[in-house]
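Colleague: Before I use any of these labels, I would like to hear what stands behind each one. Please take me through the terms one at a time.

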Amino acid sequence: MSYFLETRDESYISNFKSSRLNLKTLSQNISYSTWTFCSGSEISYTPDAKADYVVYEYNFYTDTLNSHTLISTRLVESTDGGSTFTTVSGQTAQFNSGDSSIQVETTCNIKFLLDNWGDSSRILRIEGLGNSGANRDARLHRVGSFKYGSSTETRYFIPTVSCYSIKSI
Amino acid sequence: MSYLLSKYNLISYKSSYDNSGTTTIMSSTSTKSIPGTRITFTPIVKTNFIIYECYLTFGYEGTDNTNEISLELFEDQGSGFSAFDDTYCFKEGALNVRFSDICHVKYRIPCYSGTRTYELRGRAQTTSELAEFPDSFSSTLIYPSVAMYSYVE
């Protein structure tokens, strides 16, 4: 007979979970007019019941499309297994520049701290929106004109999403 | 019969940072290691995945008015470095501006047995789009840091 005693009462990280799409290519246009689910950002998560917070993190890449790279993002969640999603209040972020002469191409990292919602499972994911105006979609994951040797080619940054629970002191 | 169920599933955590003050100007004719992104990691137990994560800064090279760098993950299994995979690539840059930024990369890679070393390497798009890693503007450096850890799913 053996016992496992739960004696940890200091701060800790627990229930770490991550996901990454098993793809060799990925390119996604994000509409300027309609909020669009960002590929690779979805994760189903059940917190540690004793934790205080849940951290959601999404690491992705923004490429240039029609000289535009600006993207707004928001966190949405589902409590019904993915049938419906609602916006999580206060969890928004915007990346890059709306100036078409600048065309920032860069990695982006979203990290949100959420109150622990209990021991039920929720699906979290990011929705994106391109710059306001026609032909101003954003593009994710595709790395155009990647320099290798003396040539360039298209490569990819498959995003990583993760969640974990935090118990504070 | 016994069971061990643990929610504390992060294991084998290792991290380091580079406080040497060394900066590197990226070249367009060769691929260079990014300072502070190299780490050697030996998983204690075999899990499904390992996380590679690093924070670094970059800035424009003093004589260029724009900068664009292609970067990717490299791996050494013990016989020298090679590019890891075409899906672990990215660029940092912008047009018509001197672009400086903080770069945070988080990769999930398949677990392995034994010891391997990882780092980021980069190359500038052209001779007029160089960049410096880390950014040394105003003689103030933010030290690059890197970590790897495995976890039980």
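Colleague: How do you know how much area is buried between chain B and chain A?

Modeller: The model is predicted, so local features need pLDDT of at least 70 and side-chain atom pairs count only at pLDDT 80 or more, while totals for chains, interfaces and linings use all residues. Residues are numbered from 1 along each chain as its sequence is written, chains are lettered from A and ligands numbered from 1 in the order in which they are written, and side-chain values use heavy atoms, with hydrogens and water left out. Buried area is the accessible area (1.4 Å probe) that two parts lose on being put together, summed over both. For chain B and chain A this gives about 3,500 Å², with 48% from carbon and sulfur atoms. Chain B brings 42 residues to the contact and chain A brings 43, where contact means heavy atoms within 4.5 Å.

Colleague: What makes A:Asp48 and B:Lys7 a salt bridge?

Modeller: The term asks for a side-chain nitrogen of Lys or Arg within 4 Å of a carboxyl oxygen of Asp or Glu. In A:Asp48 and B:Lys7 the N to O distance is 3.1 Å, so the pair passes the 4 Å limit. Between chain B and chain A the count is six salt bridges.

Colleague: Which elements of chain B give two or more residues to the side that touches chain A?

Modeller: They are β5, β6, β8, β9, β10 and β12 of chain B. The largest share, seven residues, comes from β9(B). Strands here are DSSP runs (E, at least two residues; helices are H or I, at least four), numbered from the N terminus. Chain B has twelve strands and zero helices.

Colleague: Why is A:Arg155 called buried?

Modeller: Buried means under 20% relative accessible area, exposed means over 50%, and partly exposed lies in between (1.4 Å probe, protein chains only). A:Arg155 has 7% relative accessibility, so it counts as buried. Its salt-bridge partner A:Glu153, at 2.6 Å (N to O), has a relative accessible area of 29% and is therefore partly exposed.

Colleague: What makes the pair of B:Asp86 and A:Arg155 one that joins two chains?

Modeller: The closest N and O atoms of B:Asp86 and A:Arg155 are 3.5 Å apart, and the two form a salt bridge. B:Asp86 lies in the loop between β7 and β8 of chain B, and A:Arg155 in strand β12 of chain A, so the pair joins two chains. B:Asp86 is partly exposed because its relative accessibility is 38%.

Colleague: How many residues apart in sequence are the parts that B:Glu75 and B:Arg116 tie together?

Modeller: The side chains of B:Glu75 and B:Arg116 meet in a salt bridge at 3.1 Å, N to O. B:Glu75 lies in β6 and B:Arg116 in β10 of chain B, so the pair ties together parts 41 residues apart in sequence. Both B:Glu75 and B:Arg116 are buried. Elsewhere, salt bridges that share partners join A:Glu153, A:Arg155, B:Glu72 and B:Asp86 into one network.

Colleague: Is B:Ser150 buried or exposed, and why?

Modeller: B:Ser150 has a relative accessible area of 0%, so it is buried. B:Ser150 sits in strand β12 of chain B. Leaving aside neighbours within four places in sequence, its contacts include B:Leu10, B:Ile11, B:Phe41 and B:Phe49.

Colleague: Why is B:Ile142 called partly exposed?

Modeller: B:Ile142 counts as partly exposed because its relative accessibility is 49%. B:Ile142 is found in the loop between β11 and β12 of chain B.
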